[in-house]
Amino acid sequence: MADVPEDAPAHCPGTESEDAGKASACAGCPNQNICASAQPKLPDPDLPKIKESLLGVQHKILVLSGKGGVGKSTVTAHLAYALSQDTDAHVGVLDVDICGPSIPRIMGVANEQVHSSGSGWSPIYIEDNLCVMSPGFLLASPKDAVIWRGPKKNGLIKQFLRDVDWGSLEYLVVDTPPGTSDEHLSIVQFLAMAGIDGAVIVTTPQEVALSDVRKEINFCKKVGIPVVGIIDNMSILVCPKCKNSSVIFPPIAGGVEKVAVEMGIPFLGSIPLDPLIGKCCDNGQSYLESSPDSPATKAYLNICNKIKKFCEEAQTNGQNEMDTT
C-alpha cells in the first residue's frame, strides 16, 4: 500500500503512486512539490504475485455502473448464480464496493466470517461451485461505516486479489462501486498482468443514469478494458400474478439500446423488474431458483450466455495471437 503523509489530503494517492503530486487531491497540499519531484516509481512488486495467485482463474469480468441504485450488485449476484448453473463451472464473486458491500446480504452469507489458512484467505462458499469474498465479512457489524482513505481501500483490494485462495475458477465476477473512483483504478492496475476479459455495464434507461453510463464506457476505453456489453435493468415492471408489464422509466432519447449503438458496444438485453427479485435479495436467495420460468430469469440466462460466448471468443482470439507469435 502506498505511504500516506500524516498531513495528507483526504484522497491522497500516496507517495508511492504514479499520481503522487499530480492528482487533483494534491492541489494545495504542502507536500505536493516533494511528491511530484520524487524519483520515478518502480513497478509494483505485488503485480506478479497477483498474477500467480489468479493463474487458476480463466475469466475475470467487472460489473460497472455509472450511477448508484441501478441494481448493479443484484445483477452481479444473479449473473454469478446463472454462470454457476453449469455445475462444471466454478464461479467466484469479488465484492470491492468497500463502502457499501451488499453482496453478502444479497447472497445469503451476511453473518459469515473469513477464515485464513496456509494458502491464504478462504472465500465463503454458497454452493460447491460458487464462492464469495467481500469487505462485508471483515466488519464487526453490518451497521459499521467504512471511513477509509483511498490508499487503505487500495490495500484491501490488493489483498483480496493477492491473498485469497480462489483456487480454480472459470469465472471471477467483480462487483465495483458506482462511478469511476479509486476502486476502479486499483482493480485495473492490480489486474494489469493477470488480465481482465471485459466489463459488463448496468444501467436504468432514464437519461440521468445514461449520462453517467457514457462516462463509464469512456473510462473503459481509456484504461483499455473491453466492454462485454450494457444491460438495461428495471425498465419494465412485470406483475408476478397477472404477468402484465408496465414501463417504469420511459426512455426520453432512445434509451439504453440507442446508447449502445452510439458508443459502439453490444446491447446485452433488458431485465424486467419483478418485486420477487427484491424479496429474494433481502432473504439471501437466488431469484433464478425461486422463479425459474419468469421473464427476468430468462433474461438473466440469455445475458449469461452472451457473456460466456464473449469470454470463449476472447480466449480463442488470445490463443490464436499466441500461436502466431
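**Exercise 1.** In this predicted model, list which residues of H5 meet which residues of H6, and sort the contact by residue class.

*Solution.* Step 1: on the H5 side, the residues in contact are Gly-150, Lys-153, Asn-154, Ile-157, Lys-158 and Leu-161. Step 2: on the H6 side, their partners are Asp-182, Glu-183, Ser-186, Ile-187 and Phe-190. Step 3: sorted by class, the contact of H5 with H6 comprises four nonpolar, three polar and four charged residues.

**Exercise 2.** Describe how H5 and H6 are oriented relative to each other.

*Solution.* Step 1: two packed helices are described by the angle between their axes and the distance between the axes. Step 2: for H5 (residues 150–163) and H6 (residues 182–190), the angle is about 40° and the axes are 9 Å apart. Step 3: roughly parallel would require an angle under 35 degrees, and roughly perpendicular one of 65 to 115. H5 and H6 are therefore oblique to each other. Step 4: the crossing of H5 past H6 is right-handed.

**Exercise 3.** Locate the residues that the unreviewed UniProt entry annotates as "binding site", and decide whether Cys-12 and Cys-29 are buried or exposed.

*Solution.* Step 1: the UniProt annotation covers Cys-12, Cys-26, Cys-29 and Cys-35. Step 2: these residues span 24 residues in sequence, but no two of their C-alpha atoms are more than 10.8 Å apart, so they gather at one spot. Step 3: Cys-12 lies in the segment before helix H1 (32–36), and Cys-29 is also in the segment before H1. Step 4: buried means under 20% relative accessible area. Cys-12, with 9%, is therefore buried. Cys-29, with 17%, is buried as well.

Technical notes. Residues numbered from 1 in each chain as written. Predicted model: local features only at pLDDT ≥ 70, side-chain atom pairs only at ≥ 80, totals over all residues. Heavy atoms only, no water. Axes fitted to C-alpha atoms, helices over the stretch in contact; angles between N-to-C directions. Helix = DSSP H or I, 4+ residues; strand = E, 2+ residues; numbered from the N terminus. Parallel < 35°, antiparallel > 145°, perpendicular 65-115°, else oblique. Left-handed = near helix turned anticlockwise from the far one by under 90°. Contact = heavy atoms within 4.5 Å. Nonpolar A, V, L, I, M, F, W, Y, C, P; charged D, E, K, R; others polar. UniProt positions renumbered as here; feature names shortened; annotations may be inferred. Buried < 20%, exposed > 50% of the residue type's maximum accessible area, 1.4 Å probe, protein only.
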